[in-house]
Amino acid sequence: MDKFSDQKRAVQYLYPPIDPFDQRMLDVGQGHKIYVEQCGNPRGVPVIVLHGGPGGGCSPAMRRYFDPEIYRVILFDQRGCGRSRPHASVTHNTTWHLVDDIEFIRRDLEIDDWIVFGGSWGATLALIYAQAHPDHVRHIVLRGVFLMTKGELDWFYGGGAGKFWPEVWARFTALIPEDERGDLIEAYRRRLFSGDMNIETRYARAWSSWENALASIHSSGSTGESPGDYARAFARLENHYFSNGGFLEFDGQILAHMGRIAHIPGVIVQGRYDMICPPDSAYALAQRWDNAELKMVRNAGHALSEPGISAELVRSMDRIAGK
């Protein structure tokens, strides 16, 4: 027997792999078409899954956190990434476009209200969507909370996380001249949107590697090279959103608007040693949300695939289902 339950591999906690019973491309306007899929029980409890990034795209593993006999699971690739088109595009691509897209999906699938499930940037988007449309949300389940604040961006791109991973931070900053390192988000932005595909891909891989290296508590700091197309969409979209403060009206907006969703029950699953989205954001959120339960997972970092994170998310969805 494992000394600690979260030492098992994450896959041991998940439901078996399943295939979608529905896949479609939805034309949401402004030149964008988004990929949407459904799996599980077509007459089950609907849950919309919001992937991270921005720009990460959804994956088959994300289907497996839900009992397929109980849940109707809806996944989609947000604008500009995954199977959505145009690829890596930031035109007409803001938080509020994504909120509208989620509503478009809900109406298209004829769903009155649903559970909103999201991690990292997906947690950000889940909270913003719920605050904009509280009448259509019955429960919120979050992982690796990110509140899109300047403080969080400064931590990750201003050297805070780099103090724990100095050799990885050195690789990330080495591509930028010293006189530009005071604002790495802006320095990378100029290169990610240079118009030269080779330059964009090179800096996109560096941007993606910095984040990927810190995702797991078991990381050695080295990562394989991401496919160019994936890295370019991921890095350009993240940088676009971060350069614009998530397109929020003011810093700290999500916490300030928690009164709008105080009545909605929630679960917050947070890795104790999350280097990308430190636990103080999850704690601050829980302090503003009496109807939410904070699950701080020991020996876990940021990634959805962390065993302790996966186990707690599956348990939470099973509890919501009444199992």
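Predicted model: local features only at pLDDT ≥ 70, side-chain atom pairs only at ≥ 80, totals over all residues.
Residues are numbered from 1 along each chain as its sequence is written, and side-chain values use heavy atoms, with hydrogens and water left out.

Back to arginine 288, which sits in the loop between α9 and β8. Helices (H or I, at least four residues) and strands (E, at least two) are DSSP runs, numbered from the N terminus. Leaving aside neighbours within four places in sequence, arginine 288 is in contact with Leu255, Ala256 and Met258, where contact means heavy atoms within 4.5 Å. The C-alpha atoms of arginine 288 and alanine 262 are 8.2 Å apart, although 26 residues separate the two along the chain.

Now look at α9 itself, residues 279–287. Its buried residues are Pro279, Ser281, Ala282, Leu285 and Ala286. Viewed down the axis of α9, these buried residues fall within an arc of 160 degrees, so they line one face of the helix; the arc is that of the directions from the helix axis to the C-beta atoms.

Time to zoom out. The chain is assigned domain 1 (6–150 + 247–321) and domain 2 (151–245), with the bounds coming from an automatic or database domain assignment. The C-alpha centres of domain 1 and domain 2 lie 23 Å apart. Where the domains meet, 35 residues of domain 1 are in contact with 29 residues of domain 2.

On a 1 Å grid over the protein atoms alone, a cavity is a set of points where a 1.4 Å probe fits but cannot get out, and a pocket is an open set with protein on both sides within 12 Å along at least five of seven lines; lining residues have an atom within 4 Å of a point. Grid points are joined across faces, edges and corners, and a volume is the space filled by probe spheres set on the points.

The largest pocket has a volume of about 560 Å³. Domain 1 and domain 2 both give residues to the lining of this pocket, so it lies between them. There are 26 lining residues, and Met62, Arg143, Tyr230, Ala303 and Leu304 lie nearest the centre of the pocket. Helices α6 (197–213) and α7 (228–243) each supply at least two residues of the lining. By class, the pocket lining has 11 nonpolar, 13 polar and two charged residues. In this count, Ala, Val, Leu, Ile, Met, Phe, Trp, Tyr, Cys and Pro are nonpolar, Asp, Glu, Lys and Arg are charged, and the others, Gly among them, are polar.

The structure also holds two cavities of 30 Å³ or more. The largest cavity contains about 120 Å³ of space, and it too lies between domain 1 and domain 2, because both give residues to its lining. Of its 13 lining residues, Phe146, Phe156, Phe242, Ile276 and Cys277 lie nearest the centre. Helix α3 gives the largest share of that lining, four residues. The second largest cavity holds about 70 Å³; among the residues lining it are Met62, Arg143 and Leu304. Its largest share, three residues, comes from β5.

Most residues other than glycine have a negative phi, and most peptide bonds are trans. Yet the peptide bond from glycine 53 to proline 54 is cis, with omega near 0 degrees, and the bond from arginine 85 to proline 86 is cis as well, with omega near 5 degrees. Proline 86 lies in the loop between β4 and α1 (95–108). Alanine 88 is found in the loop between β4 and α1 and has a positive phi, near 65 degrees; alanine 88 is buried, at 1% relative accessible area.

Terms used. Buried < 20%, exposed > 50% of the residue type's maximum accessible area, 1.4 Å probe, protein only.
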